[in-house]
Amino acid sequence: DKSTDGSLIHSQNQPYTDPNKYHNLNILANIKKNRVYIKNANQTLYTMYCSAGMTNPKTNHSYTPTGDFKLQSERGTSFYNKDLKEGANDWTSFKDHGVYLFHTVPTNSHGDYKPEEAAKLGKQPASHGCIRLSIPDAKYIQTLPTGTPVKIVEK
């Protein structure tokens with residue numbers, strides 16, 4: 001289950017929690033720490049490595065919006081953005097109904113994962129505003145219910 005490019009690696013060596021067992025499930029994403037925390041109220045259940053938005057030179061803030069959001073009903077198996085010449089898999093929207101997403105490491109025009117982008121997970125912001133995750137982590141986010149609260153902080 002481990003790949004050389006990091007895209008297949010689970011962020012933690014423990015099973016994912018069953019989202020149906022918790023009544024205060026929420027997601028906290030910390031852009032600077034390159035982490036996504038799956039929580040029940042204030043208790044961290046699982047920690048994921050991520051790469052959120054790079055810093056916008058005009059604003060000196062991340063391209064990823066900060067604040068309080070919810071997982072939305074828009075989800076999918078893959079997409080490709082011709083302008084950026086990359087896509088991703090296993091996406092779940094958290095803002096603007098398909099604009100801001102949790103998704104896998106980016107793929108190229110052939111659908112292959114980009115190892116140089118996977119290497120940034122947990123280490124540095126790298127996206128244009130979405131939150132990138134490993135393949136298993138992105139698939140897990142898809143199992144969480146629509147309406148799950150998402151809080152994104154920059155520091």
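Mentor: Terms first: two strands pair if DSSP finds at least two bridges between them. Helices (H or I, at least four residues) and strands (E, at least two) are DSSP runs, numbered from the N terminus. This is a predicted model: local features need pLDDT of at least 70, side-chain atom pairs count only at pLDDT 80 or more, and totals for chains, interfaces and linings use all residues. Residues are numbered from 1 along each chain as its sequence is written, and side-chain values use heavy atoms, leaving out hydrogens and water.

Trainee: Which residue in E8 stands opposite Gly-76?
Mentor: Trp-91. E7 and strand E8 (residues 86-95) run antiparallel, joined by six bridges.

Trainee: What is the strand order in the open sheet?
Mentor: E7-E8-E9-E10, with mixed pairing. Strand E7 (75-81) and strand E10 (131-133) are the edges, each pairing on one side only.

Trainee: Which strands does helix H2 lie across?
Mentor: H2 (residues 135-143) lies across E7, E8, strand E9 (100-104) and E10. H2 runs at about 35° to E8; axes are lines fitted to C-alpha atoms, for helices over the stretch in contact, and angles run from 0 to 180 degrees between N-to-C directions. Contact means heavy atoms within 4.5 Å.

Trainee: New topic. Where is Pro-125?
Mentor: In the loop between helix H1 (115-118) and E10. Leaving aside neighbours within four places in sequence, Pro-125 contacts Ile-31, Asn-34, Ala-52, Gly-53 and Met-54.

Trainee: Why is Pro-125 called partly exposed?
Mentor: Because its relative accessible area is 29%. Buried means under 20%, exposed over 50%, partly exposed in between (1.4 Å probe, protein chains only).
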